[in-house]
Amino acid sequence: MNFYLIDPKKLNPIEGHSKERVNWLSEKIISEGYWSNPIAIAKEHNLVMDGHHRLESSLILGLRRVPCFVFSYKEINIYSLRDGIKVSHEIIEKNFLHSIIFPYKTVKHELPNTKFKPISLKELN
């Protein structure tokens, strides 16, 4: 699976995140000096499937681009991690179009295992 370097400002979250986790992750990325796991996005509207904390960290760090694996919602099975909240590809896209974000840890995407060689932060600035 190839990855693409994409401006994080062009990525669109579908759910919330933990500020504490973002702060921890940002410090980890800085101390290691490399990006170790791409963000998984849907080609439909650049919606973030997996990597909301990585996205927020990239914005805090002022990165000009981040590694992303790109999938289509037609290829990926999803389900809700929360009782009483329904999710589907259609609901996710409708929420995006109406600027609605799911609560933190609501949507689970079953993504394929992918290989990625860490990339230096210098290449992302």
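Modeller: Gladly! Let me begin with how elements are assigned: helices (H or I, at least four residues) and strands (E, at least two) are DSSP runs, numbered from the N terminus. By that scheme the protein has 3 helices and 8 strands. Its radius of gyration is 14 Å, close to the 14 Å that the globule rule gives for 125 residues, so the protein is as compact as a globular protein of that length. Here the radius is taken over C-alpha atoms, and the rule is 2.2 Å times the number of residues to the power 0.38. Read from the N terminus, the elements come in the order β-α-β-β-β-α-β-β-α-β-β.

A word on the ground rules. This is a predicted model, in which local features need pLDDT of at least 70 and side-chain atom pairs count only at pLDDT 80 or more, while totals for chains, interfaces and linings use all residues. Residues are numbered from 1 along each chain as its sequence is written, and side-chain values use heavy atoms, with hydrogens and water left out.

The part I would pick is helix α2, residues 52-60. Its buried residues are H52, H53, R54, L55, S57 and S58; buried means under 20% relative accessible area, exposed over 50%, and partly exposed in between, using a 1.4 Å probe and protein chains only. These buried residues pack against helix α1 and against strands β2 (34-35), β3 (39-42), β4 (47-50) and β5 (66-71). Contact here means heavy atoms within 4.5 Å.

The term stands for a side-chain nitrogen of Lys or Arg within 4 Å of a carboxyl oxygen of Asp or Glu. Side chains of opposite charge can pair when their charged atoms come close. R54 counts as buried because its relative accessible area is 13%, whereas D50, at 37%, is partly exposed.

I60 also lies in helix α2, and it is exposed because its relative accessible area is 54%. Leaving out residues up to four places away in sequence, I60 touches V22, N23 and S26. Just after α2, G62 takes a positive phi of about 70°.

Now turn to α1 (residues 19-32), one of the elements that α2 packs against. A search of the whole structure finds 2 salt bridges, and one of them joins E32 to K28, with the closest N and O atoms 3.1 Å apart. E32 and K28 both lie in α1, 4 residues apart, about one turn of the helix. An α-helix has 3.6 residues a turn, so residues three or four places apart point the same way. E32 has a relative accessible area of 32%, so it counts as partly exposed, and K28, at 28%, is partly exposed as well.

I78 is buried because its relative accessible area is 12%. Apart from neighbours within four places in sequence, I78 is in contact with Y73, V87, S88, H89, I92, V107, K108 and H109. K108 is 30 residues from I78 along the chain, and their C-alpha atoms are separated by 5.5 Å.

The loop between α3 (89-97) and β7 (107-110) holds S99 and K105. Phi of S99 is near 55°, a positive value in a residue other than glycine, and phi of K105 is also near 55°. S99 is exposed because its relative accessible area is 67%, while K105, at 46%, is partly exposed.

Finally, back to the whole protein. Among contacts between residues at least 6 apart in sequence, 80% join residues at least 24 apart. Of the 125 residues, 41% count as buried. The C-alpha trace spans about 40 × 30 × 25 Å along its principal axes.
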